[in-house]
Amino acid sequence: MTEAARTPHDPAEETAIAPSHGRDLFSKFDALIQEREDLLATGVRDPFSVVMEKVLSPTQAIIKGKETILLGTYNYMGMTFDPDVVEAGRQALTDFGSGTTGSRVLNGTYQGHRECEEALKEFYGTKYAMVFSTGYQANLGLMSTIAGKEDYIILDADSHASIYDGCALGNAQIVRFRHNNVEDLDKRLGRLPAEGGRLVVLEGVYSMLGDIAPLKEMVAVAKKHGAMIAVDEAHGMGFFGENGRGVFEEAGVEADVDFVIGTFSKSVGTVGGFIVSNHPKFEVLRLVCRPYVFTASLPPSVVATAATSIRKLMHAADKRAHLWENSRKLHKGLRDLGFNIATAEAESAIIAILLPDQEATVRMWQGLLEQGVYVNMARPPATPAGMYLLRCSLCAEHSSEQVDQILAMFAAAGRATGCIA
Ligand SMILES: Cc1ncc(COP(=O)(O)O)c(C=O)c1O
């Protein structure tokens, strides 16, 4: 058979790839495949295969030929189209080429990677900063490297997948505590044997529900038990705290946090990850951290855009204030319309709407898209406690009028789908 004659559903091909003996390793996905086929058979659009045909600005794109307001990106500070950021990327592409083709520890550290680390040190006021290729890898790296098999990692049950995966990659003993529950953290730390190191891992903002951690109390408890502390500020960087460092800055616990993990894929507006720290031995991680060593470094254009964006975020107080206005306005508007929101108040730039099941969630999601607003749909296993959610993420570049339009679209889609009265 020629390549051209092949189709993905060609039965002859299926026979060719099916194992002649033993179980088909894909059979474990049968229930998921069936669930998805059943859902799509009801005529709804697939919420997990949206294509942005054109992106007009941080808050607008063309989806299926229709101009759509973006309310489901992590572009909290709207930096993706900042002229200085775009120009820095363009210049680096011209000067340094399209990629480094190497690891940070070999040929993959360019001047731009160092400058990006300098920008992070300045932004966070720390002695050390290490740039990874993604935030996912930064978490993989920290969790799997610093805690060995005699040590304990104590983490919130709702931790991000990259934190769990980092634990799975390493050898430490894992202890989970109930989400945002200070007493449970205290109790579990109190039960640990005296020997062995302890790392408590927290997140400033939990991205599924948009709730924030009680960091002041948690850090005090972790310190009482002699643990080191890592805080993932993926969803807090840019707009929490006086300097936009994150929830840990706002909570006033900067001096007690040993590591801050972050990403460039949200407020910074590009891709990449990092860890900052004041620990005097921090730099040794560059030699022993596998997700740093055994992967190619970020392209020069990406680190140039990240460094420029980070430096601009240091002076973005007006943007921060507008983002908070947007978030509070949307939260109140949605609550007044009768939607069930995960947090009583706007705690971050994420407003999560709880819906009863997958079908209602997809219908509402599609209704919103047809109206002209894109939000994220989230379902288990990404969500806690089997929840179905529509996640709205606000941007500092959303105008107040856009928030009004969004609320009108939620009202129309909510009534049309029966999700609100
Ligand atoms: C809390 C948290 N940590 C880490 C990451 C990973 O970031 P990245 O997109 O840079 O891999 C994410 C991404 O969604 C996140 O939500």
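1. Ser-277 belongs to strand E12, residues 273-277; helices (H or I, at least four residues) and strands (E, at least two) are DSSP runs, numbered from the N terminus. Ser-277 is buried, at 1% relative accessibility, where buried means under 20% relative accessible area, exposed over 50% and partly exposed in between, with a 1.4 Å probe and protein chains only.

2. The model is predicted, so local features need pLDDT of at least 70 and side-chain atom pairs count only at pLDDT 80 or more, while totals for chains, interfaces and linings use all residues. Residues are numbered from 1 along each chain as its sequence is written, and side-chain values use heavy atoms, with hydrogens and water left out.

3. Contact here means heavy atoms within 4.5 Å. Neighbours within four places in sequence aside, Ser-277 is in contact with Thr-126, Lys-127, Tyr-128, Asp-258, Phe-259 and Phe-282. From Ala-31, Ser-277 is separated by 246 residues in sequence and by 44 Å in space, C-alpha to C-alpha.

4. Ser-103 sits in the loop between helix H3 (83-96) and helix H4 (111-124). Ser-103 is buried, with a relative accessible area of 8%. A polar atom of the Ser-103 side chain lies 2.7 Å from the backbone oxygen of Val-293. Residues up to four places away in sequence not counted, Ser-103 touches Gly-108, Thr-109, Tyr-292, Val-293, Thr-295, Ala-296 and Ser-297.

5. The ligand is surrounded by 15 residues, the closest being Gly-135, Tyr-136, Asp-232, His-235 and Thr-263; a residue is near a molecule if one of its heavy atoms lies within 4 Å of it. Helix H5 (residues 135-146) gives the most to this shell, with 3 residues. In the side chain of Asp-232, an N or O atom is 2.6 Å from a ligand nitrogen. For Lys-266, a side-chain N or O atom is 2.9 Å from a ligand oxygen. The protein buries 86% of the 390 Å² that the ligand exposes when taken alone, with areas from the Shrake-Rupley method and a 1.4 Å probe.

6. The largest nonpolar core has 94 residues, of which Phe-264, Leu-330, Leu-334 and Phe-410 touch the most other members. Such a core is a set of buried Ala, Val, Leu, Ile, Met, Phe, Trp, Tyr and Cys residues joined through side-chain atoms within 4.5 Å. Apart from it lies another core of 23 residues, including Leu-142, Leu-155, Ala-172 and Ala-230. Residues that Phe-410 touches include Leu-71, Leu-334, Met-364 and Ile-420.

7. Some backbone geometry deserves a look. Most residues other than glycine have a negative phi, and most peptide bonds are trans. The bond from Pro-380 to Pro-381 is cis, with omega near 5°, and Pro-381 lies in the loop between strand E15 (376-378) and strand E16 (388-393). Ala-385, in the loop between E15 and E16, is not a glycine but has a positive phi of about 50°; Ala-385 is exposed, at 76% relative accessibility.

8. Lys-64, also not a glycine, has a positive phi of about 50°. Lys-64 is in the loop between strand E2 (60-63) and strand E3 (66-70), and counts as exposed at 60% relative accessibility.

Notes:
Polar contact = N/O pair within 3.5 Å; in protein donor to acceptor, adjacent residues only side chain to side chain.
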